[in-house]
Amino acid sequence: MKILRLCTLILLIIHFGFNPIAARRFDQIIAYVNQDVITKWELDSVVKQKALELQQVYRFTEREAMQKAEQERDALLDQLIRQMLLVETALTLKIEITEAEVEQYLQNFKDQYKIETEEELAQALKKEGYTLMSFREQAKRNLMAERLVMQRILPRLQVRDSDIQKFFEENRSQLPTKTDTVHLRHIFIAFKPSEADRKLALEKFDTILRELEAGKDFEELAQRHADDEHRNAGVGGLNELPIAEMDNLSATFRNTLSELNAGEISEPVEGNDGFYLFKVERKDDLTIAFRHLVVSLKPSEQAIEDAHERADSLLQRLNQGEDFNALAQQYSDDSQTKANSGDLGIRALSELNPETRKIIEGLSIGVHSTPIKTTYGVHIFKIDSRTAPELTDVEKNQIRMMLRQQKFQEEWQIYTDLLKENSFIKIKEELK
């Protein structure tokens, strides 16, 4: 799930505010805000602080961070003006802050920057152009502005359950594991190779059997004769599993291995994608260890064309209203699902390959798909039932916090827009 990083709801302005008039007297003024001013030094400080944030939080290099912060200089000035207006409004409204709250604010600042003593704090503030007294005054003003925001904005940040559900429905693409679960059926039409194709594959198989009889290594032969798909899957390697888990294997594997004893090699067994050969290395009442190799049986262009014609014929019959289940029982080439009307069971859409999922995701209940080509044949799918996913309580709370943050940003913008409309603001563009 692509959940956005959550930010603190209350915007603290410790780096964006008051600096004593005496300290600014000989600095260049870049903006007038009512009876106060913003100096170039103050804006430069804000830009540097933004660059530091980009380095520490977002892992920018020092150079990249400064370039990015400079690009945001105009936006940072606008934010500085808005925050100055919040402080001014808080002072006008005489919002009360206790000395205990100021002390806690200072302690939090010291903890954040790992400052242990008052002397260390005074030295750190001096480097930034503050005295301890001016910093305490700024801390109090920050707290007043914060309380103003809490009083005017926080009551508007209500997020209903319907808002959470709406966000979830509109952002499914960002939550890949939160997909519908469907009860799926299919009719499978296999690409059936011609007799000439089968003959070539069996001739290759005979060559492999002669090499085995001559003492060649089973795994080496399996890798040498396998196509890329089977080679990458580790064909020829030793597989060990409990006898109790053999039911989880495909019918081709399960039926053949159950008949072999330790040391025996099977006859060629035809599967969906070719001829298989099995060798059992060890076998007892609890476990079986075996190897296998595959000689791929590639369908010809004619076989592929024939499969498409069969699928198109079935599609026409389905479109004319014939029963999907009955056609699956009669014509499907999937031996494992044919008798059960093509029933593939309950599947999450996230389990399907992207191409198949794209088709099935848009299907309504009871509606069949158009033919879909896969590696071994053509499928026609049908959804019997569909279940929408539910959010966990943790996921709901994450979305709720994110929506509250979005609402906060919107309401903060609206409120400070109103403050700006009723204020005197003049910016010296050449000094920004």
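**Strand pairing and helix packing in a predicted model**

Visitor: Over how many bridges do strand β3 and β8 pair?
Guide: This is a predicted model. In it, strand β3 covers residues 181-190. β3 and β8 pair in the antiparallel sense, and the count of bridges between them is 5.

Visitor: What is the order of the strands in the open sheet?
Guide: The sheet has 4 strands, paired antiparallel. β8 (343-348) and β9 (372-373) each have a single partner strand, so they stand at the edges, with one side of each left without a neighbour in the sheet. The order is therefore β8-β3-β10-β9.

Visitor: At about what angle to β3 does helix α14 run?
Guide: Helix α14 spans residues 324-331. The helix lies across β3 and β10 (377-387). Its angle to β3 is about 40°.

Visitor: Which strands does helix α15 touch?
Guide: α15, residues 354-361, also packs on the sheet. Its direction makes about 50° with that of β10. The strands touched are β3, β9 and β10.

Visitor: Which residue takes a positive phi in the hairpin of β1 and β2?
Guide: Strands β1 (residues 29-33) and β2 (residues 36-39) run antiparallel, joined by 4 bridges. Tyr-32 stands opposite Val-37 in β2. Between the strands lie 2 residues. The positive phi, near 55°, belongs to Asn-34.

Visitor: Is α2 roughly parallel or roughly perpendicular to α4?
Guide: Helix α2 (residues 40-58) and helix α4 (residues 73-92) pack with their axes 10 Å apart, at an angle of about 115°. Angles from 65 to 115 degrees fall in one class. That makes α2, relative to α4, roughly perpendicular.

Visitor: How many nonpolar residues has the contact of α2 with α4?
Guide: From α2 come Leu-43, Asp-44, Val-46, Val-47 and Lys-50, which meet Arg-73, Leu-76, Leu-77 and Leu-80 in α4. By class, the contact has 3 charged residues and no polar ones. The nonpolar residues number 6.

Notes. Residues numbered from 1 in each chain as written. Predicted model: local features only at pLDDT ≥ 70, side-chain atom pairs only at ≥ 80, totals over all residues. Heavy atoms only, no water. Pairing = 2+ DSSP bridges. Contact = heavy atoms within 4.5 Å. Axes fitted to C-alpha atoms, helices over the stretch in contact; angles between N-to-C directions. Parallel < 35°, antiparallel > 145°, perpendicular 65-115°, else oblique. Nonpolar A, V, L, I, M, F, W, Y, C, P; charged D, E, K, R; others polar.
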